[in-house]
Amino acid sequence: MTRQPASVADHFALTQLLTETAWRIDHGRADTVWELFTEDGEMRLGGTALRGRDAIRRWGAARPAARTRHVHTNTRFTLTGDDTAEGVCVLTVYMDDGRGGTTPFAVTEETGRYVGTQDGWRFASRVTDVLFGGPNVRVDQRS
């Protein structure tokens, strides 16, 4: 199949997957993010690669409950097969600055490969690369 833009329905469903991931992380439920990946799915945060649901589950369970909000924009999805897709988006992470305010913590670019399953779209791969961020941005704080 030649790459083509995702249909409106697929674009919406893939955007919902991104939104669900952000909501879980922002609301102290990072320990459930693994459910949104295929069994052999991979999540890469900077130079750290997590392979398989168990590794992603451990990451989520260990992630500090930071006061963050993840905002996805500029989403673009293309179909690569009958039940596969690729996508890219910009993710801006806002973090409580500890003084009652918020600051943009990092601007990242996320690329993903997706697989359609009986439970809907799931991540086969999710790669987060920091585009802009302060000098103190650490991998364990990202996404």
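In what order do the seven strands of the open sheet lie? Let me note that this is a predicted model. The order is β1-β4-β5-β6-β7-β2-β3, and the pairing is mixed. At the edges stand β1, residues 4–5, and β3, residues 48–51; each has a single partner strand, so one side of each is left without a neighbour in the sheet.

Strand β2, which covers residues 37–45, runs antiparallel to β3, and four bridges join the two. Within this pair, R44 has A49 of β3 as its bridge partner.

I turn now to the helices. Helix α1, residues 8–26, packs on the sheet, where it touches β4 (68–81), β5 (84–96), β6 (102–117) and β7 (120–133). The direction of α1 makes about 150° with that of β4. Helix α2, residues 53–62, lies across β2 and β3, and runs at about 50° to β2.

Which residues have the most contacts inside the largest nonpolar core? They are M43, I56, W59, Y114, W121 and F123, in a core of 23 residues. At least two residues of this core are supplied by each of α1, β2, α2, β4, β5 and β7. Helix α1 gives the largest share, namely four residues. Another core lies apart from this one; it has five residues, among them L91, V93, M95 and A106. As general background, nonpolar side chains in soluble globular proteins tend to be buried together.

Thank you for your attention.

Methods
Residues numbered from 1 in each chain as written. Predicted model: local features only at pLDDT ≥ 70, side-chain atom pairs only at ≥ 80, totals over all residues. Heavy atoms only, no water. Pairing = 2+ DSSP bridges. Contact = heavy atoms within 4.5 Å. Axes fitted to C-alpha atoms, helices over the stretch in contact; angles between N-to-C directions. Core = buried A, V, L, I, M, F, W, Y, C linked by side-chain atoms within 4.5 Å. Buried < 20%, exposed > 50% of the residue type's maximum accessible area, 1.4 Å probe, protein only.
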